[in-house]
Amino acid sequence: MYNRKIRGPLIEGNKTLGQITEDVINPMDVSPGMWWFLAFGLASAAAVFGAYCIYITVYKGIGTWGVNNSVAWGWAIVNFVWWIGIGHAGTAFSIFLLILRQRWRTSINRAAEAMTVFAVISAALFPALHMGRIWLAFYIFPYPNTRGPLWVNFNSPLFWDFTAITAYLLISVSFWYLGMLPDLATIRDKTISKIRKTLYGFFSLGWTGSSRHWIRYESLSFVLGGIAAVLVVSVHSIVATDFAVGIEPGWHSTIFPPFFVVGAIFSGFAMVMTLMVIIRKVYKLTDYITDNHMDAIARILIFISLIMGTAYLTEVFVAWYSGNEYEMFTFFRNRITGDYKIQFWGMVVCNALIPQLFWFKKMRRNWMGLLFVSLSINVGMWLERFNIVITSLTKDFLPSNWVSYTPTVIDIGVFAGTVGLFGVGVLLFMRYIPMMAISELKGVAHIGSKIED
Amino acid sequence: MARSFKIGIFDEEEKFLSSLRSLNEQEFMIYDVFTPYPIHEVFHLLKRRSRLPTAAYFFGLFAIVATLAFLYYTSVIDWPIVYGGKPFNSFPSFIVVTIILTILTVTILSLALFSARSKLFPGRDNTIFDRRATNDKFVIVIDADDRDMTKAGKAGSLMKDQGAIEVLDKEFESINE
């Protein structure tokens, strides 16, 4: 059971139900302030530049990217895996913690799920563009066609990946929307603006808060949560199989699926933390996203960081222990030392060492500390994907295949564009959708507060 | 025909629940209750239960069979191709697609079932007995049709005694529920 004496109340300030509604809806009513428009302008500018780079990519072909015959997967796949990893936060947060009945998730899950949706959209752009002829992307759907009918290869991890990501996007969107229904109805019933009443009335689908609605809503949440938990694990395992079934040294490893899943949850939680530090600072929601919440995320991050460190060590150890000269070369001459050592050590420092700062309570309670560590994890996770994708491809079995890899402006532009897209999405979310699940907050408002004892 | 209701409005969960308990014991016609968040005791008192998990189980079963049948049809019957020397019906590598499509199918069908059973869909205009129920009030709605006016009156005074902040009489031309 929840121990108030140790953990403190879930929501501080003894809020009444009405106050909770007010506090969460308030940011949507008042003008968001200069910073919002500034950030929105910046994010849209990045998104527009990204759109231009995508236009160039589609118009001229992926020859405009830094990829070549040996390094066929460049930044695009690095970014794809990075975004998908971040996209694991929402589901990890709302679903794992829902099943484990960790009720502190309630103040954070809505924002985490929003992040998921935008991150997965950003991620899905890359493989689509990487196909080269994006207008033929529909070939990957298994539909009866006039080419045989020739079906897609159901044995290929690349097809599994397509299935998994499509399913993941659809399911995260529906889970997010389902959770929003009661809150949209709250806004519909509270607002005085006619436009809002109509809009939120339409999107709340006629929710009334009746006991018949609630019971079905609860059981549906648990059913969806239960099965989507499997999906969280499988999506990134499949991304890992994309690599692991290849024969490239450094990829061909059984550790990949669990290693990737843990890495994904790591980067996702780090991104949630980054976002939460900003939201609670800007919107002054410290009563809802308390220091204890940040503390809990920080503790999870230390734990995952230790797993990541162990995985890095295991990879290097197995390369040595296997005695395979190609594996040895990849890890000892091309990662730990060699052209890409900065990226390798950057990854180790950012992912395995810096998060250890969270052992100190001062770091877990200081917003600068939280922001610093979470950002460095995001950078570290990007470097990890860079390491995996690029180092293995630049120097494989034949020295005559060895090349170096540098991204082009277009590569960087598309990436900047997805960051912009993510930013625009998150900013619009902060403005037009209640940032926290109001009805769930009300359900936990009394837990650990003075009223209970 | 217009239907009339006795509506009790509470601002505290405890008072609302104790009132609901007594109404339930004395077998008043509780039409429905509206709350800002789910309360499990309400489900027990009103004997609400959901068979959605059972339905979801059968959706899953259907999805597994359908997906495997589809994969078998495309890979073995319709256009068999040898990939990497594996048999046409390479079951182990079909598992992944089957899992994912099962999850997707269960999600979509359960959502559709939820939408149909709860009558929640775009443009739906369900009757709102009291607008405050989605914000901070707990609302009990008692059926008060003509024959039972005295009983409804009793229910009203009972709710008042138990701490309802308001007891209203409302009539609705038609009910969307």
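**Helices packed within and between two chains**

The axes of α4(A) and helix α15 (residues 367-394) of chain A come within 9 Å and cross at roughly 140°. These names belong to a predicted model, in which local features need pLDDT of at least 70, side-chain atom pairs count only at pLDDT 80 or more, and totals for chains, interfaces and linings use all residues. Residues are numbered from 1 along each chain as its sequence is written, while chains are lettered from A and ligands numbered from 1 in the order in which they are written.

Some terms come up at once. Helices (H or I, at least four residues) and strands (E, at least two) are DSSP runs, numbered from the N terminus. Two packed helices are described by the angle between their axes and the distance between the axes. Axes are lines fitted to C-alpha atoms, for helices over the stretch in contact, and angles run from 0 to 180 degrees between N-to-C directions. Angles under 35 degrees count as roughly parallel, over 145 as roughly antiparallel, 65 to 115 as roughly perpendicular and the rest as oblique.

Back to the pair. α4(A) and α15(A) are therefore oblique to each other. Their crossing is right-handed. (A crossing is left-handed if the near helix is turned anticlockwise from the far one by less than a right angle, and right-handed if clockwise.) From α4(A), the residues A:Ile77, A:Val78, A:Val81, A:Trp82 and A:Gly85 meet A:Met381, A:Trp382, A:Arg385, A:Phe386 and A:Val389 of α15(A). This contact has 8 nonpolar, 1 polar and 1 charged residues. Here Ala, Val, Leu, Ile, Met, Phe, Trp, Tyr, Cys and Pro count as nonpolar, Asp, Glu, Lys and Arg as charged, and the others, Gly among them, as polar. Two residues are in contact if their C-beta atoms, placed from the backbone, lie within 7 Å.

Helix α4 (residues 75-86) of chain A also packs with helix α16 (residues 409-432) of chain A. The angle is about 15°, and the axes are 10 Å apart. That makes α4(A) roughly parallel to α16(A). The crossing of α4(A) and α16(A) is right-handed. A:Trp75, A:Asn79 and A:Trp83 of α4(A) make the contact with A:Asp411, A:Phe415 and A:Thr418 of α16(A). By class, these residues are 3 nonpolar, 2 polar and 1 charged.

Now look across to chain B. The contact between the chains takes 51 residues from chain A and 54 residues from chain B. On chain A's side, the elements that give two or more residues are α2 (17-29), α7 (157-190), α9 (211-244) and α17 (438-444). The largest share, 17 residues, comes from α9(A). Chain A's side divides into 26 nonpolar, 19 polar and 6 charged residues.

Follow α7(A) over to chain B. Its axis and that of helix α4 (residues 91-118) of chain B come within 10 Å and cross at roughly 20°. That makes α7(A) roughly parallel to α4(B). The crossing of α7(A) and α4(B) is left-handed. Among the residues of α7(A) that meet α4(B) are A:Trp160, A:Leu170 and A:Ile171, and those on α4(B) include B:Val96, B:Ile100 and B:Leu111. This contact has 12 nonpolar, 3 polar and no charged residues.

Chain B is divided into domain 1 (3-49 + 131-167) and domain 2 (52-118). These bounds come from an automatic or database domain assignment. The C-alpha centres of the two domains lie 45 Å apart.

How confident is the model? It scores ipTM 0.90 and pTM 0.90. pLDDT is the predictor's confidence in each residue, from 0 to 100. Chain A has a mean pLDDT of 87, and 96% of its residues reach 70 or more. Chain B has a mean of 84, with 97% of its residues at 70 or more. In chain A, confidence is lowest in helix α1 (residues 4-7), at a mean of 61, and highest in helix α3 (residues 34-60), at 94. In chain B, the lowest is helix α5 (residues 149-161), at a mean of 75, and the highest is helix α3 (residues 52-78), at 93.
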